[in-house]
Amino acid sequence: MKARLAKLRHIVFDMDGTIYLGRTLFKETIPFLARLRDLGIGYTFVTNNSSKSRAGYVQHLHEMGIAAPPDSVVTSAHATIHHIQKTLPEAKRLFVLTTEQALEDWRLGGFEIVDDAPDAVVVSFDYQLTYERLCRTAYWLSRGVPYFATHPDRICPTDQPTVLPDCGAFCALLESATGRKPDAVPGKPSPEMIQEVMDRHGLQPSETAMIGDRLYTDVRMARDAGALAILTLTGEANAAEAMSLPEAHRPDLIVSDLDDLSRQLCAARGV
């Protein structure tokens, strides 16, 4: 493990549950990012939560004291936009179940957002969800329109005393109502998101790590892409759950938080 940590050139961060929880920034985050800069290790923020636009996430991070250029943020919406452009290039009109802010990225991707006669339907995380919109989504699925979901997360992490049903929960409801599953889910754990980061920075999997708090998205994506899979215990998963998985699906490294990872990185590099 020391040898793998010593070779790292870039770390891909999940956001909610890894660097913050809800609107609460973990105290270890800013010192850890400073440590990475000192070590010459780059980083990108990747999230399945596509309820905000890229600009919205940049602003969100800025409000927490984290300077992030736009190209350092990748959401599951961007992975899905790329997937539709590649696999269904004739699709220009989309019905998208998401927040009003998040529609900005879909329009920037060259799509017209419509309520009627869509070329494809996209289900994402929509905390402004109404029953009317849910019914309209189910209607288009019942008509056989191509159907994509941005990500499979069942709940969204929060620091509030509530449960936030996420995209995966919406898809389960829609499957119960229509009998259809998404034709594709390009967000985590699909390796498309992390592969885009590696291609952009000229990275090999052995030079890249993914750190996140979810086994079935963050860890699975890293393992499938060949990157170092690091589980942090600051969010959804715990160590017992991780160790109960088949060896091929377990994280390569489990850390209690970013400070724990910082100590191990420094030890690996003799700092």
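Predicted model: local features only at pLDDT ≥ 70, side-chain atom pairs only at ≥ 80, totals over all residues.
Residues are numbered from 1 along each chain as its sequence is written, and side-chain values use heavy atoms, with hydrogens and water left out. The chain holds eleven helices and 14 strands; these are DSSP runs numbered from the N terminus, with helices being H or I of at least four residues and strands E of at least two.

**Overall dimensions and surface**

- The C-alpha trace spans about 60 × 35 × 35 Å along its principal axes.
- Of the 271 residues, 51% are buried (buried is under 20% relative accessible area, exposed over 50%, partly exposed in between, with a 1.4 Å probe and protein chains only).
- Among contacts in the chain with a separation of 6 or more, 70% join residues 24 or more positions apart (contact means heavy atoms within 4.5 Å).

**Nonpolar cores**

- The largest nonpolar core has 31 residues, of which Ile11, Phe13, Phe45 and Leu265 touch the most other members (a core is a set of buried Ala, Val, Leu, Ile, Met, Phe, Trp, Tyr and Cys residues joined through side-chain atoms within 4.5 Å).
- Two or more residues of this core come from each of β1 (10-13), α2 (29-39), β4 (42-47), α3 (54-63), β12 (208-212), β13 (228-232), β14 (253-255) and α11 (258-268).
- A second, separate core contains 20 residues, including Ala79, Met193, Ile194 and Ala242.
- Not counting residues up to four places away in sequence, Leu265 touches Leu5, Leu8, Ile11, Phe32, Leu36, Leu39 and Ile41.

**Helix α11**

- The buried residues of α11 are Leu258, Asp260, Leu261, Ser262, Leu265, Cys266 and Ala268.
- These buried residues pack against α1 (2-7), β1, α2, β12, β13 and β14.
- At the start of α11, a side-chain oxygen of Asp257 comes to within 3.1 Å of the backbone nitrogen of Asp259.
- Gly270, with a positive phi near 70°, follows α11.

**Aromatic pairs**

- Seven aromatic pairs are found in the whole structure (rings of Phe, Tyr and Trp, the last by its six-membered ring, pair if their centres lie within 6.5 Å; planes under 30 degrees apart count as stacked, over 60 as edge-to-face and the rest as tilted).
- Phe13 and Phe32 make an edge-to-face pair, at 5.9 Å centre to centre and 85° between the planes.
- Phe13 lies in strand β1 and Phe32 in helix α2, so this pair ties together parts that are 19 residues apart in sequence.
- Phe13 is buried at a relative accessible area of 0%, and Phe32 is buried at 1%.
- Tyr43 and Phe45 form an edge-to-face pair, with 5.6 Å centre to centre and 65° between the planes.
- Tyr43 counts as buried at 16% relative accessibility, and Phe45 is buried at 0%.
- Phe13, Phe32, Tyr43 and Phe45 belong to one aromatic cluster.

**Ser76**

- Ser76 lies in helix α4 (residues 76-87) and is buried, with a relative accessible area of 0%.
- A polar atom of the Ser76 side chain lies 2.7 Å from the backbone oxygen of Asn48.
- The side chains of Ser76 and His151 make a polar contact at 3.4 Å (a pair of N or O atoms within 3.5 Å; within protein, one must be able to donate a hydrogen and the other to accept it, and residues adjacent in sequence count only if both atoms are side-chain atoms).
- Leaving aside neighbours within four places in sequence, Ser76 is in contact with Thr47, Asn48, Ser50, Thr150, His151, Gly187 and Met193.

**Val197**

- Val197 is in helix α8 (residues 192-201) and counts as buried at 0% relative accessibility.
- Beyond its neighbours within four places in sequence, Val197 contacts His10, Val12, Thr44, Val46, Val74 and Leu203.
- Val197 and Trp106 are 91 residues apart along the chain, and their C-alpha atoms are separated by 20 Å.
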